[in-house]
Amino acid sequence: MTAGRQAEGADADVASARGPSRVAKLLSALFYGACSFLIVLVNKALLTTYRFPSPIFLGIGQMAATIMILYVSKLNKIIHFPDFDKKIPVKLFPLPLLYVGNHISGLSSTSKLSLPMFTVLRKFTIPLTLLLETIILGKHYSLNIIVSVFTIILGAFIAAGSDLAFNLEGYIFVFLNDIFTAANGVYTKQKMDPKELGKYGVLFYNACFMIIPTLIISVSTGDLQQATEFNEWKNVLFIIQFLLSCFLGFLWKVPLQQRSGVRPRIPGNTAQKTRSKHETLLFLRVMLTSHFSKI
């Protein structure tokens with residue numbers, strides 16, 4: 001009897017240990033989806049509705065918010081990542097370059113394209129991530145996952161089919177953004193050792209290393225001057241949305257560090273149900289984006 005109860009207790013402990021992991025992955029995916037949806041809407045409002053002319057300066061704001069939030073959290077012992085040493089740049093390379101490329105190309109493409117078209121072209125990040133994970137990380141995916149990925153892309157094209165406007169500059173920026181996003185995600189997983197930098201260390205040092213070079217680019221291209229001469233800085237609503245974009249730029253990256261490039265590894269029927277729900281949420285997101293962009 002005692003042995004039986006101990007065995008049942010052990011099974012219960014194993015089940016309880018596995019449960020939070022699945023819930024955490026699902027919540028992380030939902031949180032990522034919500035942040036991703038909101039940041040696209042807020043950035044589009046800033047760059048198109050308000051006609052904010054400086055996407056690079058907005059990217060600098062997001063980097064600054066990431067640095068401040070993580071540094072204050074480290075000081076208050078909410079999170080932990082190692083102090084700077086000379087080996088960190090070598091460990092991170094080429095992540096800082098991919099990080100800033102992802103920032104600039106993403107914000108630039110948001111300002112050039114309509115939301116439906118931007119959403120359609122951003123879906124190509126998923127197959128690019130799958131391809132890079134196969135090449136760099138040596139992962140192999142089943143035919144079901146590959147079909148699911150291309151179903152997501154097909155659904156995006158159908159949802160935004162009424163707004164397939166051509167903008168060559170916007171197309172170039174968004175495809176560069178797809179490449180940078182996929183490469184950044186794959187190399188982050190390759191470099192992110194919890195015993196060394198961890199996810200917060202990777203985020204913090206990426207932003208620290210690239211904020212000054214990005215500021216130099218902003219000054220040399222006239223982007224900073226356009227930002228300082230912008231006439232909406234006295235508009236409280238604009239300032240709130242600008243700060244919200246900076247904050248969401250940080251939040252959006254946190255679950256991105258935790259999730260897999262294609263989908264969480266959840267065994268059995270749970271994986272199939274989660275994948276189906278995830279595809280439905282992505283399709284609804286495209287539909288809602290198309291709807292809001294036409295209002």
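Colleague: Welcome! What should I know about the model before we start?
Modeller: It is a predicted model, where local features need pLDDT of at least 70, side-chain atom pairs count only at pLDDT 80 or more, and totals for chains, interfaces and linings use all residues. Side-chain values use heavy atoms, leaving out hydrogens and water, and residues are numbered from 1 along each chain as its sequence is written.

Colleague: At what angle do H2 and H4 pack, and is H2 oblique to H4 or roughly parallel?
Modeller: Helices here are DSSP runs (H or I, at least four residues), numbered from the N terminus. Axes are lines fitted to C-alpha atoms over the stretch in contact, with angles from 0 to 180 degrees between N-to-C directions. H2 and H4 (residues 95-112) have axes 9 Å apart, at an angle of about 135°. Angles under 35 degrees count as roughly parallel, over 145 as roughly antiparallel, 65 to 115 as roughly perpendicular and the rest as oblique, so H2 is oblique to H4.

Colleague: Which residues of H4 meet H2?
Modeller: Contact means heavy atoms within 4.5 Å. From H2, the partners include Pro-55, Gly-59 and Gln-62. On the H4 side they are Tyr-99, Val-100, His-103, Ile-104, Leu-107 and Ser-108.

Colleague: How many charged residues are in the contact of H2 with H9?
Modeller: The axes of H2 (residues 55-75) and H9 (residues 198-220) come within 9 Å. Asp, Glu, Lys and Arg count as charged, Ala, Val, Leu, Ile, Met, Phe, Trp, Tyr, Cys and Pro as nonpolar, and the others, Gly among them, as polar. The contact has 17 nonpolar and 3 polar residues, and the charged ones number none: no charged.

Key
Helix = DSSP H or I, 4+ residues; strand = E, 2+ residues; numbered from the N terminus.
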